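Visitor: Could you walk me through this protein model, starting with how far I can trust it?

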Amino acid sequence: MIPNGLKLGVALVLLFGFTRHRVEDAQIKVLCSKDFIGIRAKEDYFKFHNVPLESLHLPNKSCRPQREVIDGVSYYVSKISKDQYQMCGGKPLTKINRVSYSLSLQSDPQIIGNIIRNPVIKLDYTCVYPAIRTVSLPFPVIHFSSEMVMHVNELDANIQMMLYPDQSYSEAYSSAPTIELRGKVYVEVAVTEPADFFLLRVDKCWATQSLQPNMTEGLVYILLLNGCVKDKTVSFLNVSAGQSGRNGESSTIRYSFDMFRFTTEPHDLYLHCTVELCVPEDYKSCKPNCNSISKREAVRADPSLGILSYGPIRIEMPDRPQSNILATVVLPVAGVWALGFFLIILITVVKAGSRKLKPTGEH
């Protein structure tokens with residue numbers, strides 16, 4: 001299957017002859033992969049035109065196709081890596097947002113005396129790959145947002161991590177967000193260019209007290225590990241109706257977690273994630289198997305990872321009603337002192353009255 005996002009083209013040219021064999025019967029297929037480019041056609045098609053395998057070649061005659069049997073059907077297959085492209089006679093055509101690779105598979109004319117009876121076959125084919133393009137954002141890129149470029153073989157990909165105020169993911173924060181404790185933090189990690197080609201896997205996400213992801217000082221808290229949930233409040237969310245946002249299943253991943261703070265200052269958080277890009281053919285290995293992580297990771301090839309960072313994420317601290325507390329404490333104390341002072345005056349008055357009444361009664 002041709003991966004989504006790779007455009008291709010093929011043209012069949014029959015030189016010095018005509019054919020009654022339908023082109024559809026040849027089952028011509030252009031092969032555009034991240035590792036190679038190529039073309040294949042059924043062996044029967046070439047045999048019908050009396051074109052032997054030995055006469056087929058690319059512009060450089062040292063680059064020749066091979067015979068392969070696929071699902072019981074024999075094909076002539078020309079397949080070269082991108083490193084061999086120029087050596088085999090190709091010249092890349094680069095435009096603003098794409099790179100084209102074009103080659104021709106053709107046969108040598110079979111000369112008998114001074115005549116040619118069989119047609120000369122020429123298959124022109126092209127693979128078009130998206131090239132790197134700068135992604136413009138609706139606000140200046142400063143320290144609170146994160147965008148990076150990953151280079152996978154010959155293809156560059158732009159990846160960014162953004163935070164959103166709610167699960168609609170309609171408008172990202174344009175400044176450092178302030179979120180209250182236990183409030184939902186909505187995270188989106190997405191391949192912005194090329195769109196809808198790579199599968200994206202978030203391998204690990206963690207929070208630190210500084211912008212440095214590999215800090216040796218300060219506290220660290222892990223949210224995702226080996227592509228699986230480490231913090232119980234983490235939930236993966238669907239990108240849209242009918243489109244999965246689960247880890248390793250699309251080019252966009254959305255998840256949320258409950259806001260927290262570290263026990264020591266500074267309380268601001270910085271979020272970091274390591275990401276991995278997979279081609280559609282590797283979708284099985286891209287999805288994390290969270291039921292048997294240790295066994296799976298032991299046989300998993302060392303992937304090419306990139307790191308995204310976002311921050312600071314500030315904590316919304318509730319206002320402390322210090323004046324009310326002070327009033328609550330001071331007023332009862334003042335009341336006690338007033339009551340005591342009133343009792344002292346009352347006792348003094350009573351005693352003074354008793355002294356005055358006592359001599360009168362004795363007379």
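The questions and answers below go from confidence to strands and then to single residues.

Guide: This is a predicted model, in which local features need pLDDT of at least 70, side-chain atom pairs count only at pLDDT 80 or more, and totals for chains, interfaces and linings use all residues. Residues are numbered from 1 along each chain as its sequence is written, and side-chain values use heavy atoms, with hydrogens and water left out.

Visitor: What is the mean pLDDT of the protein chain, and which element has the highest confidence?

Guide: pLDDT is the predictor's confidence in each residue, from 0 to 100. The chain's mean is 74, with 65% of its residues at 70 or more. Confidence is lowest in helix α3 (residues 293-299), with a mean of 43, while the highest value, 94, belongs to strand β4 (residues 56-57).

Visitor: How many contacts does the model have for residues 322-331 beyond four places in sequence?

Guide: A contact means heavy atoms within 4.5 Å. In residues 322-331 the pLDDT stays under 50, and the number of contacts beyond four places in sequence is one.

Visitor: How many helices and strands are in the protein chain?

Guide: Both are DSSP runs numbered from the N terminus: helices are H or I with at least four residues, strands are E with at least two. By that count the chain has four helices and 22 strands.

Visitor: Which strands are at the edges of the open sheet of six strands?

Guide: Strands of a sheet pair through backbone hydrogen bonds, either parallel or antiparallel. Here two strands count as paired if DSSP finds at least two bridges between them. The sheet has mixed pairing and the order β14-β22-β21-β16-β17-β18. The strands that pair on one side only are β14 (178-180) and β18 (228-229).

Visitor: Is D203 buried or exposed, and what is its relative accessible area?

Guide: D203 lies in strand β16, and its contacts more than four places away in sequence include L224, T274 and L305. Buried means under 20% relative accessible area, exposed over 50% and partly exposed in between (1.4 Å probe, protein chains only). D203 is therefore buried, at 12%.

Visitor: How far is K42 from the nearest side chain of opposite charge?

Guide: K42 is in strand β3 (residues 36-42). Lys and Arg count as positive and Asp and Glu as negative, with His and the chain ends not counted. A salt bridge needs a side-chain nitrogen of Lys or Arg within 4 Å of a carboxyl oxygen of Asp or Glu. K42 is buried and has no salt bridge, and its distance to that side chain, D44, is 4.5 Å.

Visitor: What separates the C-alpha atoms of F262 and L219?

Guide: F262 sits in the loop between β20 (252-258) and β21 (269-278), and is buried, with a relative accessible area of 7%. Leaving out residues up to four places away in sequence, F262 touches several residues, among them A207, L219 and Y221. F262 and L219 are 43 residues apart along the chain, yet their C-alpha atoms are separated by 7.2 Å.
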